[in-house]
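Please look over the sequence and coordinates before reading on.

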Amino acid sequence: MLNKKYRNLFRVETVESGKHVRQKVVYTGDYYKTDMPKKQEKVCKVLLIAIPVVMAVLFVYMGLLDNNGSRTFYVVLPYVLQFLPISYSIISAVSFYPKEMLTVIQYEKAYIRIRTSGMWILILSVAGIIGEIVYILGGYGDTPGLEIIFLICNFAMAGLAMVIINIHSRIKFKMVPNS
């Protein structure tokens, strides 16, 4: 039914309606409510959607560069692995946007996942930067201009990941008990 981690947050009730008897699952856990001005909250949530979308566009652009470094394992692996955290960032930010009150599950699956994805994007971007610098300084390949563009894009990804982490840290919550 539910993940064992969250089973204490729900209660099953039997509801009679006419001729039918149904079981209804009721959430009994606490809620997380944003504790900041509405205008600032909306700006943060919009940025948490817009930045990963820009990252996704940058990711596709980097893939279309067709530089020689993209055929080297230690350059391409961090780039390819960025796909999942970028996707998770977009999915989590979109599911986080319309909600003012989050259940414990929504808090962990949407809000916390945004920070985790941002950290992974940052780590993988730094790994990509290191790999690309090694590739460029090693004198490999015959497309130095494209290698520099790929490196700049990796720096941009790392910078955007730091912005996501910074915005994430500004959003504050207060716990609201379930009534």
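The points below are grouped by topic. The model is predicted.

**Sheet**
- Three strands form an open sheet in the order β4-β3-β5, with antiparallel pairing.
- The edges are held by β4 (101-103) and β5 (173-176), each with a single partner strand, so one side of each lacks a neighbour in the sheet.
- On average, neighbouring strands are turned by 35° against each other, direction ignored.
- Four bridges join β3 (residues 31-34) to β5 in the antiparallel sense; Tyr-31 has Val-176 of β5 as its bridge partner.
- Helix α4 (residues 104-137) packs on this sheet and touches β3, β4 and β5. The direction of α4 makes about 100° with that of β4.

**Helix α2**
- Val-75, Pro-78 and Tyr-79 are buried in α2 (residues 73-81).
- These buried residues fall within an arc of 100° seen down the axis of α2, so they line one face of the helix.
- Their packing partners are α1 (38-64), α3 (83-96), α4 and α5 (144-170).

**Salt bridges**
- The count is six salt bridges.
- Lys-5 and Glu-108 form one, with the closest N and O atoms 3.2 Å apart. This pair links the segment before β1 (10-17) to helix α4, across 103 residues.
- Lys-38 and Glu-100 form another, at 3.1 Å from N to O. This pair connects helix α1 with the loop between α3 and β4, 62 residues apart.
- Glu-41 and Lys-45 meet at 2.9 Å, N to O; both lie in α1, four residues apart.
- Glu-41 is buried at 4% relative accessibility, and Lys-45 is buried at 4%.
- A network of salt bridges links Lys-38, Glu-41, Lys-45 and Glu-100.

Definitions and conventions: Residues numbered from 1 in each chain as written. Predicted model: local features only at pLDDT ≥ 70, side-chain atom pairs only at ≥ 80, totals over all residues. Heavy atoms only, no water. Pairing = 2+ DSSP bridges. Helix = DSSP H or I, 4+ residues; strand = E, 2+ residues; numbered from the N terminus. Axes fitted to C-alpha atoms, helices over the stretch in contact; angles between N-to-C directions. Contact = heavy atoms within 4.5 Å. Buried < 20%, exposed > 50% of the residue type's maximum accessible area, 1.4 Å probe, protein only. Arc of directions from axis to C-beta. Salt bridge = Lys/Arg side-chain N within 4 Å of Asp/Glu carboxyl O.
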